Amino acid sequence: MDKCLDICRRIQQVGGQPFVVGGYVRDLLMGRPSNDLDLCVVGMTMPQLLATFPEGKAVGKDFPIVIVDDIEIALARKERKMGVGHTAFTCETAGVTLEEDLMRRDFRMNAIAMNPFTNEFIDPFGGREDVANKRISVIGPHFCEDPLRILRACRFAAQLGFNFRASHDTSVYRYANLIDYNELKSISPERIWLETMKALRTDKPSLFFESLNDLYLLDVFFPEIAALQGRVQPEKHHPEGDAYLHTLLVIDQARELGANDQTM
């Protein structure tokens with residue numbers, strides 16, 4: 001965090017307002033270790049940000065992010081959907097407030113910011129309540145604009161042990177049903193695999209597939225696994241049920257025995 005504070009002081013010295021955002025804040029509230037430090041900056045332009053950190057590396061085509069000492073620094077932004085897919089957005093940064101930036105995010109638990117100098121939390125959408133109740137709920141209808149968020153919701157269910165059955169008016173179920181099928185099919189195999197690998201590294205990866213099944217989307221992303229449902233096996237050797245349940249048990253057992261992508 002010392003490196004982060006140094007970066008924040010440099011931003012403050014040139015008139016910007018830095019805030020820690022995203023997974024680091026959520027994990028801090030959960031008491032989980034996290035190396036995923038992201039900063040959101042209000043009151044600066046990209047040329048000013050680049051001039052402040054000439055040693056930084058700018059990445060991203062549609063919306064540049066400056067990386068300094070493995071810390072991602074981005075300007076507060078608003079997004080507008082322009083086409084099909086999770087990358088079809090245009091971004092606006094001029095005059096965007098912190099709350100507007102948090103509003104565009106996916107889940108309430110990921111829309112909490114922290115003042116790096118005072119450790120004060122800025123939580124306009126009730127994310128801390130969701131963290132306390134181990135709940136995944138979306139912020140609003142813009143959730144439907146990025147189909148990748150469905151996979152993220154299911155991955156978070158496995159990764160954090162959270163669920164979206166406990167959420168109410170902003171439930172993942174409600175908005176998942178509004179996502180166009182063409183949007184879901186637009187997600188690249190690489191992005192699907194990335195979310196899947198993150199889920200397989202969790203203590204209970206079966207929750208990822210069970211969550212997709214709960215949303216009636218397992219057959220969209222993993223038709224081979226979905227097809228195993230109802231395929232009954234000999235009860236003498238497989239009392240757990242059909243081939244689908246057997247596969248989920250095998251996935252979890254493999255993880256318990258130490259299986260990981262580093263040793264495959």
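Start by selecting S206, F209, E210 and N213 in helix α10, which meet Y244, L248, I251 and D252 in helix α13. Of the residues in this contact, four are nonpolar, two are polar and two are charged. Keep in mind as you look around that this is a predicted model. Now show both helices whole: α10 covers residues 206-214 and α13 covers residues 243-256. They pack at an angle of about 145 degrees, and their axes are 9 Å apart.

Next, select helix α1, residues 2-13. Its twelve residues reach 17 Å from the first C-alpha to the last, close to the 16 Å expected at 1.5 Å a residue. Colour C4, L5, I7, C8 and I11, the buried residues of α1. Where do they fall when seen down the axis of α1? They sit within an arc of 160 degrees, so they line one face of the helix. Here is a handy rule: an α-helix has 3.6 residues a turn, so residues three or four places apart point the same way.

What does the buried side pack against? Show the strands β1 (17-21), β2 (38-42), β4 (65-68) and β5 (71-75), which the buried residues of α1 pack against. On the other side of α1, you will find D2 and Q13 exposed. Then move on to G15, which follows α1 and has a positive phi, near 100 degrees.

For the last stop, pick R104, in the loop between α4 (98-103) and β8 (113-114). Is R104 buried or exposed? R104 is buried, because its relative accessible area is 14%, under the 20% cut-off. Leaving out residues up to four places away in sequence, R104 touches R77, E79, H142 and R149.

Notes: Residues are numbered from 1 along each chain as its sequence is written. This is a predicted model: local features need pLDDT of at least 70, side-chain atom pairs count only at pLDDT 80 or more; totals for chains, interfaces and linings use all residues. Side-chain values use heavy atoms; hydrogens and water are left out. Axes are lines fitted to C-alpha atoms, for helices over the stretch in contact, and angles run from 0 to 180 degrees between N-to-C directions. Helices (H or I, at least four residues) and strands (E, at least two) are DSSP runs, numbered from the N terminus. Contact means heavy atoms within 4.5 Å. Ala, Val, Leu, Ile, Met, Phe, Trp, Tyr, Cys and Pro count as nonpolar, Asp, Glu, Lys and Arg as charged, and the others, Gly among them, as polar. Buried means under 20% relative accessible area, exposed over 50%, partly exposed in between (1.4 Å probe, protein chains only). The expected span of a helix is 1.5 Å times one less than its number of residues. The arc is that of the directions from the helix axis to the C-beta atoms.
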